[in-house]
Amino acid sequence: MADSSDSKLPQDSTTNPALLALRQRIDALDRELLALLNRRMQVVVEVGELKKHEGSPVFRPEREAQVIDGLKSVNTGPLPNECVAPIWREIMSASRVLEAPTRVAYLGPAGTFSEEAALGYFGSSIARVPCASFDEVFRTTTAGAADFGVVPVENSTEGVVARSLDLFLTTPLFIIGETSLIVRHNLLRKDNSLAGVKVVCAHPQALAQCHAWLSHHLPDAERRPVSSNAEGARLASLDPSMAAIASARAATEFGLHVVSPAIQDDAHNRTRFAVVTHPDRHPAPKPSGHDCTSLVVSVENKPGAMHDMLVPLKRHGVSMTRLESRPARSGQWEYYFYIDVQGHPDDAHVATALKELRSVCAYFKLLGAYPIDVH
């Protein structure tokens, strides 16, 4: 005789006629989607042949932004609009593979937030080129061993990533895109406990972003800066006295426990990444309708110089969205100013403002103009 509790168990989904019918409809729709995707890929192959004949680049960030924006504008749900971009980025990533592999350099090893940002921007169908430092990302991309590089430039908690900004001054790379990532730092370890942690390894930015948590929970542990959070996770996987601050992906990659999740001091911690490339191998993106222009300038150290620098932007109605300063290391208390403005240099009012700005600057370098996600 069956136990009376059996009647309380949920009905097996495989014997539920209504659910089975819905699953069959989903299976049929999946086959339709696959057929449509293959039709799309066939058109991509034809586009690729035309691009080869014309010498056009495979990756056009402004075109991909326009495709995604167009789909969002006609989306009636129930698919959330925020899900449209990641789905179509993967579709377009797979499409690019049919034309040519896309090699992307970023701070490695596997499991870093830089890798996550690269995959989020380009999709997973890329040739990954992990690098040991930001300098190596710039060198690899400059030398042509990678088509693009992805580097962090700003964090919502700790501000600018100084080394990335400095490298823009000494390399020919320019920005063709940007992406931002919500950064959740986790304490990872071989043992699923805080007891006995003597060293916490992480990138200096991550250590700074988790300062309050570490001071409260592991006040006696050494804070050891390493080249990347994933490198810290690798070290922690070799030594039970070590812990790392890294992503959940790094925990999976190196077989570590997530001892404490989300230990960053700012719950909304976010990092902005720049996508860079060499101008000889990729053209500047054309206007997309919602663009950002980045530049770095310096002015003479004299009264009113900062005012004179900002006047052209105000006069021509160009909105400045970011202003950061970095020492020029000249010993004369001079600075470089990193500026983001709304619009594209092909826009008439932006072009006029930048021409006037250039005339009052001792140094002027356009770092790039690229589409941004306004949704």
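**Sheet, cavities and pockets**

A: In this predicted model, four strands make up an open sheet with antiparallel pairing, in the order S13-S14-S12-S15. The edge strands, each of which pairs on one side only, are S13 (320–327) and S15 (363–371). On average, and with direction ignored, neighbouring strands of this sheet are turned by 15° against each other.

Q: How many bridges join S13 to S14?

A: Seven bridges join S13 to S14, which covers residues 335–342, and the two run antiparallel. Within that pairing, Arg 322 stands opposite Asp 340 in S14.

Q: Which residues lie nearest the centre of the largest cavity, and which elements give two or more residues to its lining?

A: The lining of the largest cavity consists of 18 residues, and those nearest its centre are Phe 113, Pro 152, His 203, Gln 205 and Asn 229. The elements giving two or more residues are helix H4 (113–122), strand S3 (148–155), helix H7 (204–209) and strand S11 (270–277), and H7 gives the most, with three residues.

Q: What does that lining look like by class?

A: For the largest cavity, the lining has eight nonpolar and 10 polar residues, and no charged ones.

Q: And what is the volume of the second largest cavity?

A: The second largest cavity has a volume of about 90 Å³. It is lined by 14 residues, of which Ile 175, Arg 272, Ser 294, Arg 322 and Asp 340 are the closest to its centre.

Q: Which elements line the second largest cavity with two or more residues each?

A: Those elements are helix H6 (162–170), S11, strand S12 (291–298), S14 and S15, with the largest share, three residues, coming from S14. By class, the lining of the second largest cavity divides into 10 nonpolar residues, one polar and three charged.

Q: Let's turn to the open spaces: what volume does the largest pocket have?

A: The largest pocket has a volume of about 970 Å³, and of the 33 residues that line it, Arg 89, Glu 178, Thr 179, Ser 180 and Asp 373 are the closest to its centre. At least two lining residues each are supplied by helix H2 (61–74), helix H3 (81–99), H4, strand S5 (174–182) and S11. H2 gives the most to this lining, with six residues.

Q: How many charged residues are in the lining of the largest pocket?

A: There are 14 charged residues in the lining of the largest pocket, along with 13 nonpolar and six polar ones.

Q: What about the second largest pocket, which residues are closest to its centre?

A: The second largest pocket holds about 420 Å³ of space, and of its 17 lining residues, the closest to the centre are Val 44, Val 47, Lys 51, Arg 63 and Glu 99. Helix H1 (17–54), H2 and H3 each supply at least two residues of this lining, and H1 gives the most, with six residues. By class, the lining of the second largest pocket has seven nonpolar, two polar and eight charged residues.

Q: Changing topic to burial: which residues of H11 are buried?

A: In helix H11, which spans residues 305–315, the buried residues are Ala 305, Met 309, Pro 312 and Leu 313. Viewed down the axis of H11, these buried residues fall within an arc of 100°, so they line one face of the helix.

Q: Which exposed residues sit on the face of H11 turned away from the buried side?

A: That face of H11 carries the exposed residues His 307, Lys 314 and Arg 315.

Q: Last one: is strand S1 mostly covered or mostly open, and in which sense does it pair with S2, parallel or antiparallel?

A: Strand S1 (residues 103–107) is mostly covered, with four of its five residues buried. S1 pairs with strand S2 (residues 127–131) in the parallel sense over five bridges, and the bridge partner of Leu 107 in S2 is Cys 131.

Note on methods
Residues are numbered from 1 along each chain as its sequence is written. This is a predicted model: local features need pLDDT of at least 70, side-chain atom pairs count only at pLDDT 80 or more; totals for chains, interfaces and linings use all residues. Side-chain values use heavy atoms; hydrogens and water are left out. Two strands pair if DSSP finds at least two bridges between them. Axes are lines fitted to C-alpha atoms, for helices over the stretch in contact, and angles run from 0 to 180 degrees between N-to-C directions. On a 1 Å grid over the protein atoms alone, a cavity is a set of points where a 1.4 Å probe fits but cannot get out, and a pocket is an open set with protein on both sides within 12 Å along at least five of seven lines; lining residues have an atom within 4 Å of a point. Ala, Val, Leu, Ile, Met, Phe, Trp, Tyr, Cys and Pro count as nonpolar, Asp, Glu, Lys and Arg as charged, and the others, Gly among them, as polar. Grid points are joined across faces, edges and corners, and a volume is the space filled by probe spheres set on the points. Buried means under 20% relative accessible area, exposed over 50%, partly exposed in between (1.4 Å probe, protein chains only). The arc is that of the directions from the helix axis to the C-beta atoms.
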